[in-house]
Amino acid sequence: MNVMVYNKKYHMLVNIIKNSESPHEFESRWSVIMESTNLSSNEWLCGMYELRSRWVSAYVKHIFSVGISSSQRLESGHSFFKRYVNRRNSLMDFIIRFNMALRHQRHEELVANHIDIIEQPRLTSKFQMEHQMVHIYTKKIFFLLQTEVDQSNYYICSKKSGSVDAKVYTEERREQGKSFDRHRQLTYYTERDIIRCSCQKFEFEGYPCRHMISYLKKKQVLLLPDKYILPRWTKNAKEKVVFSDEGSSSKSLMAHHGMLAHKSSLMVDDAALTDTHTSFLMGEFEKLHIRVKELDDGGNVAMSRSNSKSQEESQTIHDPSIVRAKGCGKRLKSSKEKALSKTNRKCSACGQIGHDKRTCPTLSYRSNMDMYQPEGTDYAHTQDEGIDDTAFVSNASSQCDVVNWFL
């Protein structure tokens, strides 16, 4: 397939893939462009069309996936790891670099939370819903919603049909000098009091689209209802921690600690703003600490403490058994064992026990004799003729003191 020939058709194909609202619309528009470009027999395109339910957004828009595609999460993970690790890292290097990556990620999250608290984005209108959103949503999500609010001014909502259970409305875009063929369809379910748009942005990304905001303006709803506010996009998403209350028996020490820490952190955040609140909370903490220590609850606390002490006393931990592992080599000896093994060694020169060739007294004696023998005397030759060493020493009266010193 020649890329240059079908370059103009590429943008049309991308538009069909991204902007088709229903599977029926995608299939009809796909068949039209395949016939116009004579690509119906292309093997690769036919194979991708068979897998259309896995990658075309029109088939998965009803499923909440925070607006990411099927492969975007995997690619994001690869991009994250490539910044810190590579295939040449050892296991220890990987652990160190991975912990570093987590610290950087948590630091960026703390910076983003700090910005959401102290900074407020600039408002582009005096619409009451926009003022409400700036205090609820995070900075990144607010900018997306601000765009939807601005674009909602270009839409006109008109009723198309209605029944007892549902009412259908049409959203038509109007701009000066432009005409748009596409119309969005909104359905209001009276029993559940909820709106559904054909673009399915709310179901797919988790925040209301411009068509829903246009409908709310028509109905003179000035504030966004809570049913359309997803908690995960709000500033206080982390504060809404859910703890299990399925019974006291299922609660562990960590669960109790988590609940108490969450409550105390909320009080500390509120009291740390002023010195008066801080001193008041410190006094109340001291009073509560004394009351908790005095609390007995019919002896349950005392019994639990005695049981915990008895369990600690009854549990004795011994050293593990010494097991020789395979391939560990020779046993390592201590310095004491090495010293004892040296006393049993035999000298390779004289055959005596207790020393080696380096410290042999016989060899040292002979070397000293060679040093002090007269010139022209062959000490090795005299030994071969059977002349005793002591006789040789007695004849050398001038060296008697030296020999006695060595002996």
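Trainee: How many residues does the chain have, and what percentage of them count as buried?

Mentor: The chain has 407 residues, and 23% of them count as buried. A residue is called buried under 20% relative accessible area, exposed over 50%, and partly exposed in between, with a 1.4 Å probe and protein chains only. This is a predicted model, in which local features need pLDDT of at least 70 and side-chain atom pairs count only at pLDDT 80 or more, while totals for chains, interfaces and linings use all residues. Residues are numbered from 1 along each chain as its sequence is written, and side-chain values use heavy atoms, with hydrogens and water left out.

Trainee: Why does N38 count as exposed?

Mentor: N38 has 62% relative accessibility, and therefore it counts as exposed. N38 is placed in the loop between helix 2 (23–37) and helix 3 (43–50). Helices (H or I, at least four residues) and strands (E, at least two) are DSSP runs, numbered from the N terminus. The phi of N38 is near 60°, a positive value in a residue other than glycine.

Trainee: What makes Q220 count as exposed?

Mentor: Its relative accessibility is 67%, so Q220 counts as exposed. Q220 lies in the loop between helix 10 and helix 11 (253–271), and it has a positive phi of about 60° although it is not a glycine.

Trainee: How many helices and strands are in the chain?

Mentor: The chain contains 18 helices and 4 strands.

Trainee: Which residues have the most contacts inside the largest nonpolar core?

Mentor: They are M133, Y137, I195, Y215 and L224, in a core of 28 residues. The name applies because a nonpolar core is a set of buried Ala, Val, Leu, Ile, Met, Phe, Trp, Tyr and Cys residues joined through side-chain atoms within 4.5 Å. At least two residues of this core come from each of helix 7 (128–136), helix 8 (139–151), strand 3 (183–189), strand 4 (194–197) and helix 10 (210–218). Apart from it lies another core, of 12 residues, including I16, W30, I33 and Y59.

Trainee: Which residues does Y215 touch?

Mentor: Leaving aside residues up to four places away in sequence, Y215 touches C157, Y169, E171, L186, Y188 and I195. Contact means heavy atoms within 4.5 Å.

Trainee: What separates a cavity from a pocket?

Mentor: On a 1 Å grid over the protein atoms alone, a cavity is a set of points where a 1.4 Å probe fits but cannot get out, whereas a pocket is an open set with protein on both sides within 12 Å along at least five of seven lines; lining residues have an atom within 4 Å of a point. The structure holds 1 cavity of 30 Å³ or more, and the largest cavity has a volume of about 40 Å³. Its lining consists of I115, D116, E119, P121, V134, Y137, T138, K139 and K235. A volume is the space filled by probe spheres set on the points, which are joined across faces, edges and corners.

Trainee: How much space lies in the largest pocket, then?

Mentor: About 1,300 Å³ lies in the largest pocket. Of its 30 lining residues, T138, K140, I141, R232 and W233 are the closest to its centre. Helix 6 supplies the largest share of this lining, 5 residues.
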